[in-house]
Amino acid sequence: MLRVRVQGWDLPAYVHASQEAFLKKAGANKLPASHTALLSPFDPIVWDRRRFELFWGWAYRFEAYTPAPQRVRGYYALPLLWRDQVIGWGNLAVQDGALL
């Protein structure tokens, strides 16, 4: 893991060592944001719920253990990261053996 600095965040941050070439090409501690991903509720971007809400302006809660009538986004809703922004969520479900 390579230690990097995240603008607006004072605690240590890290990227996988495989990104070293990108860091060197882009300059010290700058990694271009160019990917889209569904984030696990246990991803470091997500697990600090207070920080997540401060960065992206909405409260994310893992609702798998929340009673169905009280869920806001769904049983297994996952934040959708596009480049350097969380732009929404994917609500994954399986019904009759098919992914919905």
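**Model and confidence.** I noted that this is a predicted model, in which local features need pLDDT of at least 70, side-chain atom pairs count only at pLDDT 80 or more, and totals for chains, interfaces and linings use all residues. Numbering starts from 1 along each chain as its sequence is written, and side-chain values use heavy atoms, with hydrogens and water left out. I then checked pLDDT, the predictor's confidence in each residue, from 0 to 100. The protein chain averages 80, and 85% of the residues score at least 70. Helices (H or I, at least four residues) and strands (E, at least two) are DSSP runs, numbered from the N terminus.

I traced an open sheet of three strands in the order 3-4-5, with antiparallel pairing. Strand 3 (36-38) and strand 5 are at the edges with a single partner strand each, so one side of each has no neighbour in the sheet. Neighbouring strands are turned by 25° against each other on average, direction ignored; the axes are lines fitted to C-alpha atoms, and angles run from 0 to 180 degrees between N-to-C directions. Pairing here requires at least two DSSP bridges between two strands.

I looked up the pairs next. Strand 3 and strand 4 pair over three bridges, and Leu 38 stands opposite Leu 80 in strand 4. Strand 4 (residues 77-82) and strand 5 (residues 85-91) pair over six bridges, with Gly 90 as the bridge partner of Leu 78. These two strands form a hairpin with two residues between them, and Arg 83 in the turn has a positive phi of about 55°.

**Helix 3.** I found Arg 51, Phe 52 and Trp 56 buried, meaning under 20% relative accessible area, with exposed over 50% and partly exposed in between (1.4 Å probe, protein chains only). They cover an arc of only 105° around the axis, which puts them on the same side of helix 3; the arc is that of the directions from the helix axis to the C-beta atoms. Exposed Arg 50 and Leu 54 lie on the face turned away from the buried side.

**Phe 52.** Leaving aside neighbours within four places in sequence, I listed the contacts of Phe 52 (heavy atoms within 4.5 Å). They include Ile 45, Pro 79 and Val 86.
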